[in-house]
Amino acid sequence: MWKFIIRRLLITFPQLVFLSVLVFIMAQMMPGDALTGLIDPTITAEALDLQRERLGLNNPWYIQYADWVSGLVQGDLGQSFRFKMDVTALISERVMNTILLSAVSLIFTYIIAIPLGIVSGRYNDSPLDSVITGYSYLGFATPIFIFALVMLWIFGFQLGWFPTSGSVAPGLESGTMEYYISKLYHALLPGLSIALISVVSTIQYLRSEIVDTKQKDFIVTARAKGASENRVYNKHIFRNSILPIAAFFGWEITSLISGTVFVESVFSYPGMGLLFLESIMQRDFSVVTSLVLLFGAASILGALLSDIILSIVDPRIRIK
Amino acid sequence: MGKATINKVLFIMMLMLFLVLAACSSGSDDTGDSKSDEGNGESEDAGSESEKADGKIYDIADFSPLKEGEPMDGGNLNFGLVADTVFAGTLNYNFYSDAYDSEVIDWFDEALLGVDETFTYTQDGAATWEMNDEGNEFTFTIRDEVNWHDGEPVTAEDWAFAIEVIADPDYDGVRYGDVTSIVGVEEYHDGKADSIEGLEIIDEKTLKMTFKQPTPSLLSGGIWTYALPKHIFEDIPVAEMSSSDAVRVNPIGIGPFKVESITPGESVTYTKNEDYWRGEPNLDSVTLKVIAPETVTQALETGEVDMVHSFPTDQYPDVEESLTNVEFLGRIDRSYTYIGFKMGTWDKENNKVAMDLENSKVGDVELRRAMWYAVDNNAVGERFYNGLRWNATTLIPSFYEIYHDDSIETPTYDPDKANQILDEAGYEDVDGDGIRENPDGEELVLNFASMSGGDTAEPLANYYIQAWEQVGIKVEKLDGRLIEFNDFYDRVGNEGNDDPDIDIYQGAWSVGTDVDPTGLWGPNVIFNYTRWEDEENTRLLEEGVSPEAMDLEYRKEVYSEWQEYMVEQVPVFPTVYRSQLVPVNKRVVNWDIRQEDSELYRYEVGVTQDEPVTP
């Protein structure tokens, strides 16, 4: 298996290089740069030009790329023009928020999806199943940003149960218990909003696997041997049906890092997704390229992780 | 194939058919839309009919820019920063470039000089000044009671230090252009001098600045009036200052509130600065946080925030009735929208505009004037903005009450007059298709560049195109669509790469504190996207900042003349002036949304009760 992992990582490397070149060229083709937004008669055009020269924005892309790569190997992702701070510092500031939010939504997703999927699969074609399936169709059809706004309006503003913006209450000191509780509290509503929409695919996977599995011969055998219905479902069917979900888990981990643009922007939640979006809008290229690289690396690793999990859960799959 | 399968196949085919039909019908919807647009355009002629349908018309004169009252002792104010991004967190006037950052800084720091309603420096600020007779030497005296938040006094050295930092070649901010008027700054920047010749520290509290030449612009925003605490920054290399903790984590200033804590990008808490030089602030504390534009109304309604830094005026008619716990303050905004005509390109070698009237489709002043007569900007203001924007007359907006000349007569909607001008100038419809050809009998199609964004962008652009079509001028959207912000400025020539396809464009400027329009319409400025220049224009612009113009009456006269000249030449024509509305919770008192000549200072703001008023 180690051989496999190393081989996979080796393939990954040229992929990342290709990705970064692509991003660099595309960034170059985008109209405007980090200073375009600063059209302001109180800032002189000369001052802006001085800045462009200083930031190397007037150089052709391959020179900018070479500069960037040479920084990268030294562990320096460059400086964000807009934030005037190191990209690494900027990302580490944001990544914790996103990990928290994604973890919360992942936990909610599994808490909701697994029981619903099991019930739906076990009692398929019952009214209960119809309700759950109906919900999942509704979920498929609902755009997440609309749903998040509705959730915010009901639970945030009308009922006032949850904070409506930010990742932590203003004025709390970092490191205190109160601070962490406030962090978690701020992540609950956005996390739940993501979960309620993203559960639907998991429910459907689980349901169809269970429906599929329960007609298999070994289930009939188990029943014939006198295993109780609960035992048949919880032991035999569930373990076999969980396979696609386990495989999916690797991908879910990826989303831990990349975050969710829409929900983060509705809740003004400063995570990676929002950072990515605003860096594109503001043409803050050093941040954009670093993030793309990071997201790319994360999804490649996620795929790898999925393969490994699969091989552990299902002994029939052998990685060579 | 079993019967069931056939049924399924049939069902799938039905579904596909349904989708195809749906697609068709949505297509025909589109054509329906564009027809009704035309209908609207025509009903413009009919007059008031369309206004009724669009509801109430507001007048900015009915709004007050300030709210006074008797505050209680203490209290906390919640301030909303409306942004769909985080604030960048460069919290120092000398380094910031993000507009949101300046909103954050305004609470804890301030300029050393105050300004009056013409944005001219007054003696009411943290420092007083004296000017020599020629007007090129200023002596500033910082008041004794002005201290930094850490208790250290603000010194002349701090002020000089700020300018030295900005002039340093390692400086990474955008303010260098603001200090080059001081003698010796350029030499210092280029490494030819070890110190700035024009800065002289006379004693601990007194600083003398010598400028290259006297101009009235110096007095209205031409002086760098923000000090930098030297005792904190002197050990930090200039290149690292903007990312240092002294800017990002625990910034200090001289303002009425001190920064207590910062959650990067999302919120800041402030406590009052008891030592503030004007007096002790009314409030105990202020909490600032970022609010998404989608949720502003809700946040105001529930009292989550007491006020916000800006409010989209186009939402006002929707919320006016429901937001009963909020009072809207308003004023004329510092900006205007305009339509510009491209008459050349940018000469990168010599850094000046390269006008080329011969090859410009809009090089003829009569055509430009007719196009001004063809559009009804009052109707635009009423129909699209409920009267919160209104017909603009000259290029110096009425915001500058002193300099704006409202006696100048400018073209207003008169299609007959437009037709007449075009007829006389030889633009005739040769081939009888209802569209005029140019005087040489060649087809005339103008490309119109307009920015996307907001609900009104598209219908507004369509309106102008239809209005011009009604006088026989064919105008098409550049590439058949609206242009995204970055793309727009790139092509209109923000870096000098003008797109030759653009003939007309719609832009907007928010103007600076100094009335001098050279930065926008001068012959050597890249922001003059029209690429139009002429001697008289240059002369008037230079006259306006000459030493003689230190005399207010003379300066007014020059700018009157300039406004009139621009109306005659029409390189651009302003379309609408804008207003600014700021919602404030009913418990908030002593707030003034004007920065200039404000009767109320920020330390005076207070609340009348502990909890925000809710509906």
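Analyst: Let me begin with a term: two residues are in contact if their C-beta atoms, placed from the backbone, lie within 7 Å. This is a predicted model, in which local features need pLDDT of at least 70, side-chain atom pairs count only at pLDDT 80 or more, and totals for chains, interfaces and linings use all residues. Residues are numbered from 1 along each chain as its sequence is written, while chains are lettered from A and ligands numbered from 1 in the order in which they are written.

User: Ok, which domains does chain B have?

Analyst: The assignment, which is automatic or from a database, gives domain 1 (3-30 + 335-533 + 568-578), domain 2 (66-91 + 101-107 + 255-325 + 586-607) and domain 3 (127-241) of chain B.

User: How many residues of domain 2 of chain B are in contact with domain 3 of chain B?

Analyst: Four residues of domain 2 of chain B are in contact with five residues of domain 3 of chain B, and the C-alpha centres of these two domains lie 30 Å apart.

User: And chains A and B, how many residues are in contact there?

Analyst: In that case 49 residues of chain B are in contact with 39 residues of chain A.

User: New topic: at what angle do α8 and α9 of chain A cross?

Analyst: The axes of helix α8 (residues 217-224) and helix α9 (residues 229-241) of chain A cross at roughly 150° and come within 11 Å. Axes are lines fitted to C-alpha atoms, for helices over the stretch in contact, with angles from 0 to 180 degrees between N-to-C directions; helices are DSSP runs (H or I, at least four residues), numbered from the N terminus. The two helices, α8(A) and α9(A), are therefore roughly antiparallel to each other, a term for angles over 145 degrees.

Terms used. Parallel < 35°, antiparallel > 145°, perpendicular 65-115°, else oblique.
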